[in-house]
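Reader: Please walk me through this model, one feature at a time.
Author: Gladly. Here it is.

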Amino acid sequence: MARRVSLTTELDCSPDDAWQHVQTTRLLQHIAAPLIRFLPVARQEFPEIWTEGEYRAWMFLFGVIPLGWQAIVITLPEPEGNSRFVRDNGYSLLIRRWDHWITIEPAGDGTCTRYTDTVHVDAGLLTPLIAGFAKVFYAHRQRRWRALARRNFSALALTRPLR
């Protein structure tokens with residue numbers, strides 16, 4: 001009963017700038033807020049730059065309503081042509097599969113970026129609800145991405161790191 005959700009947007013920044021920022025925990029914190037807040041589990045700290053590995057996060061809806069923990073399982077698949085990827089093949093107690101792929105590639109004349117979030121969700125009977133939430137969440141994230149890119153990522157300097 002798995003579902004696939006995919007949303008694409010264009011960012012007013014170079015693919016290199018988008019790639020640099022997509023690998024940071026500051027960006028995750030900024031674009032997820034205020035819908036979701038992530039806090040590391042068990043006093044671990046998230047790295048400033050994501051590296052391959054598994055990270056556990058407590059998730060809070062609107063920053064206050066506990067949603068439980070989520071495993072964030074990062075890999076950096078090999079580029080394909082001009083497309084670069086970040087993969088989070090995560091899971092939680094309720095979600096057996098949260099296979100999220102971020103694709104960053106040139107758009108137009110190459111000075112802009114085509115950014116795509118694609119997630120395969122399997123949460124048993126909750127799959128339609130979780131997939132619906134993923135669509136809302138990724139639309140929110142992409143709105144925040146577009147605003148950041150228009151401001152040349154200046155708001156990230158004001159964002160506290162994920163600790």
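**Reading the features**

Author: A polar contact of 2.8 Å links the side chains of threonine 9 and arginine 146. By polar contact I mean a pair of N or O atoms within 3.5 Å; within protein, one must be able to donate a hydrogen and the other to accept it, and residues adjacent in sequence count only if both atoms are side-chain atoms. This is a predicted model: local features need pLDDT of at least 70, side-chain atom pairs count only at pLDDT 80 or more, and totals for chains, interfaces and linings use all residues. Residues are numbered from 1 along each chain as its sequence is written, and side-chain values use heavy atoms, with hydrogens and water left out.

Reader: Where does threonine 9 lie? Is threonine 9 buried or exposed?

Author: Start with the terms. Helices (H or I, at least four residues) and strands (E, at least two) are DSSP runs, numbered from the N terminus. Buried means under 20% relative accessible area, exposed over 50%, partly exposed in between (1.4 Å probe, protein chains only). Now the case. Threonine 9 sits in strand S1, residues 3-11. Its relative accessibility is 10%, so threonine 9 counts as buried.

Reader: Which residues does threonine 9 touch?

Author: Contact means heavy atoms within 4.5 Å. Leaving out residues up to four places away in sequence, threonine 9 touches Thr113, Arg114, Tyr115, Gln142 and Arg146.

Reader: What does valine 22 touch?

Author: Valine 22 belongs to helix H1, residues 15-22. At 7% relative accessibility, valine 22 is buried. Its contacts, not counting residues up to four places away in sequence, are Leu27, Trp50, Val86, Ile102, Ile104, Tyr115 and Trp145. Take one of these, isoleucine 104. Valine 22 and isoleucine 104 are 82 residues apart in sequence, and their C-alpha atoms are 9.0 Å apart in space.

Reader: How many residues of H2 are buried?

Author: H2 is mostly covered, with 7 of its 8 residues buried. They are Thr25, Leu27, Leu28, Gln29, His30, Ile31 and Ala32. These buried residues pack against H1, strand S2 (36-40) and H3.

Reader: At roughly what angle do the axes of H2 and H3 cross?

Author: Axes are lines fitted to C-alpha atoms, for helices over the stretch in contact, and angles run from 0 to 180 degrees between N-to-C directions. The axes of H2 (residues 25-32) and H3 (residues 127-150) come within 8 Å and cross at roughly 115°. That makes H2 roughly perpendicular to H3. The classes are these: under 35 degrees is roughly parallel, over 145 roughly antiparallel, 65 to 115 roughly perpendicular and the rest oblique.

Reader: Which residues make the contact?

Author: H2 supplies Leu27, Leu28, His30, Ile31 and Ala32, and H3 supplies Phe137, His140, Arg141, Arg144, Trp145 and Leu148.

Reader: What should I check in the backbone?

Author: Look at omega and phi. The peptide bond from alanine 33 to proline 34 is cis, with omega near -10°. Proline 34 falls in the loop between H2 and S2.

Reader: Which phi does phenylalanine 62 have?

Author: Phenylalanine 62 has a positive phi of about 55°, although it is not a glycine. This residue is in the loop between strand S3 (53-61) and strand S4 (65-75). With 52% relative accessibility, phenylalanine 62 counts as exposed. Asparagine 152 has a positive phi near 55° and is a residue other than glycine. Asparagine 152 is in the segment after H3. Its relative accessibility is 60%, so asparagine 152 counts as exposed.
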